[in-house]
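Subject: Structure handover

Hello,

Here is the structure for you to look over. My notes on it follow below.

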Amino acid sequence: MKNFNDIVDKIITRLGTSNDSEICTAILAAFKLVFIPFATMSDKKSTKDQKQYALTRDFLTEGVALAGYIGITRVVKNSLTAPICAKYYKEKAKDLIKQNKLDINSADYKLLTNIDKVALKNHAMNEFLEESAKKYTKNQEQHIKALEDIVKRFPLIQNPKDLYLNTKKTISHASVCVLALTLIPFITNKLIYVLSKIKSQDENKPEIKPSLPKQTTLKPYSMQQYINNIKVGGLNVFNR
Amino acid sequence: MSLIVNFLTSPQAAEFVQNSTCQVLSEGCLKAVGRPTFTLLDKTATKEERKYSATKELLYQSFSMAAFFALIFPIKRNTYKLLKFFPQLKDCDVINARTAKEYQEKLKQVTDKNMLTKIKGANELMSIIASGVILAVITPQIVTRLVHPIMNKINGAQEKNKLDKKA
């Protein structure tokens, strides 16, 4: 019971801190993986072929969705968030130059256009890690402090931590949407194609019949040969 | 490019996608378009099989979104009544709220950030479970009963059109 409470505690803390889209959609996909094929099976009016196809499709779609929401979304958000944040700072630096608030040769401009992506990620994610798992080098810390100083002077620019976390949430949802609209049904179609190929190969395989002993064709036997082969007491009597 | 970056980094967009109701609704609407389209494009199945599966998908997605939209908001308004079942929140006065108004007032008085996070998380968890029940348990059973009468009507209308054209 204590373990169960700990799990619930972890889940509600996670959902309260950062309710990323993939968590909700993956839980729903898991629900659907069980219940939708069950509902399809209970349909008594559809033909066997219709039911079989719909069942395969339901099961594959939700299975691919579950794997995609957990796997692909995680990869996408981990690899895209920091580069997009860096791009944001670069564009903000260009805007500040256009507004004559920043000099192109200044250290601020150089820092805004050359963001250390790893430092940005570590800075934002350290909050969720235990003390031993935190990654932050001295250089990275200085880099982020300098960035925070710039952000304080220009309040329209978001601070690094908020920017990273906000972008992560939005990318997660964008990834879920792309997966739902195109990638999941596309992968399902491909899987169904592969399955149908395997099925048709099995159906077209020729049946292996048990091999019968070869029939020997009898040669015409002449009277002379017959007489020559007559044996009496194991001895050829006529063929001497 | 700038527009995409602005959207992805926007705090308003992040706030919007944090809500599980918005997540389910936007994902469901996209699925209602994508899944039946790809089912109809699948050339491995016969026309009848594709038609049945695509009609079922389209019906399911549109019906589930309507049911979700109708049911989730009343459910969400009342999830505070179930907060007392979370032992993590037993020290919080919010669980004693009897009305939605009282709950909102008590919620404002909570100063502990950690407790606020847990209350928000508990509400989201109940919302996800309710979504699961609506989308995966109730709706497929209803759609399974609806799919054949609707398919018959579509087929009947198509045949009538063909006969009219021939005449």
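In chain B, 35% of the 167 residues are buried. Please keep in mind that this is a predicted model. For chain A, the buried part is 34% of 240 residues.

Along the principal axes, the C-alpha atoms of chain B fill a box of roughly 75 × 45 × 30 Å. Among the contacts in chain B with a separation of 6 or more, 66% join residues 24 or more positions apart.

Chain A has 8 helices and 2 strands, and from the N terminus its order is α-α-α-α-α-α-α-α-β-β. The corresponding share of contacts between residues 24 or more positions apart, again for a separation of 6 or more, is 69% in chain A.

The axes of α3 (residues 20-41) and α4 (residues 47-77) of chain B come within 8 Å and cross at roughly 170°. An angle over 145 degrees counts as roughly antiparallel, and α3(B) and α4(B) are therefore roughly antiparallel to each other. The crossing of α3(B) past α4(B) is left-handed. On the α3(B) side the contact includes B:V24, B:L25, B:G28, B:A32 and B:L40, and on the α4(B) side it includes B:A54, B:L58, B:M65, B:F68 and B:I72. By class, the residues of this contact of α3(B) with α4(B) are 12 nonpolar, 7 polar and 4 charged.

Next, the interface between the chains. In it, 56 residues of chain A are in contact with 51 residues of chain B. The elements giving two or more residues to the chain A side are α1 (2-17), α2 (21-41), α3 (48-98) and α7 (160-204) of chain A. Of these, α7(A) gives the most, with 19 residues. The chain A side divides into 27 nonpolar, 19 polar and 10 charged residues.

One helix pair that spans the two chains is α2(A) with α6(B), whose axes come within 9 Å and cross at roughly 25°. Angles under 35 degrees count as roughly parallel, so α2(A) and α6(B) are roughly parallel to each other. Here the crossing is right-handed. Among the residues that make the contact are A:I27, A:L28, A:F31, A:F35 and A:I36 of α2(A), together with B:I128, B:L135, B:V137 and B:P140 of α6(B). The contact of α2(A) with α6(B) comprises 12 nonpolar, 5 polar and 1 charged residues.

Is B:A122 buried or exposed? The cut-off for buried is 20 or more other C-beta atoms within 10 Å; B:A122 has 27 and is therefore buried. Leaving out residues up to four places away in sequence, B:A122 touches A:I12 of chain A as well as B:L83, B:F86 and B:L89 of chain B. B:A67 is 55 residues from B:A122 in sequence, and their C-alpha atoms are 23 Å apart in space.

Regards

Key. Residues numbered from 1 in each chain as written. Chains lettered and ligands numbered in written order. Predicted model: local features only at pLDDT ≥ 70, side-chain atom pairs only at ≥ 80, totals over all residues. Buried ≥ 20, exposed ≤ 12 C-beta atoms within 10 Å, placed from the backbone. Contact = placed C-beta atoms within 7 Å. Axes fitted to C-alpha atoms, helices over the stretch in contact; angles between N-to-C directions. Helix = DSSP H or I, 4+ residues; strand = E, 2+ residues; numbered from the N terminus. Parallel < 35°, antiparallel > 145°, perpendicular 65-115°, else oblique. Left-handed = near helix turned anticlockwise from the far one by under 90°. Nonpolar A, V, L, I, M, F, W, Y, C, P; charged D, E, K, R; others polar.
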